[in-house]
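The stops below proceed from the whole chain to single residues.

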Amino acid sequence: MLSTIGIPGLLLLVLLALLLFGPSKLPQLGRAVGTTLREFRSSAHQLTEEDEEKQDAEQRRENY
C-alpha cells in the first residue's frame, strides 16, 4: 500500500499533517496511532486464535 505513494507523496502527507495539527501535536498523534494499531493487531490475533481453537475442537470431535 505505501509502496505506491512514493517519496513526494510522503513529503506531502507530512507537510499536510504539520499544517493541520502543528508540530506540538504530532508526537501525541503518532502515539495515538501506534496505540490504536497495537490494539487492533492484538484483537485480530485473539480472534484468529479463537477461530483456530474452534476448528481444532471440531476436528477432534469429528475424529472420535
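**From the whole chain to its residues**

Begin with the surface of the protein chain: the accessible area is about 6,100 Å², and carbon and sulfur atoms contribute 62% of it (Shrake-Rupley method, 1.4 Å probe). This is a predicted model, in which local features need pLDDT of at least 70 and side-chain atom pairs count only at pLDDT 80 or more, while totals for chains, interfaces and linings use all residues. Residues are numbered from 1 along each chain as its sequence is written, and side-chain values use heavy atoms, leaving out hydrogens and water.

Next, switch to a cartoon: the protein chain has 2 helices and 0 strands (DSSP runs, H or I of at least four residues for helices and E of at least two for strands, numbered from the N terminus). Its radius of gyration, 21 Å, is well over the 11 Å that the globule rule gives for 64 residues, so the chain is more spread out than a compact globule (C-alpha atoms; the rule is 2.2 Å times the number of residues to the power 0.38). Along the principal axes, the C-alpha atoms fill a box of roughly 65 × 25 × 10 Å.

Now select L26, which lies in helix α2. L26 counts as partly exposed because its relative accessibility is 25% (buried is under 20%, exposed over 50%, partly exposed in between; 1.4 Å probe, protein chains only).

At 43% relative accessibility, E50 is partly exposed.
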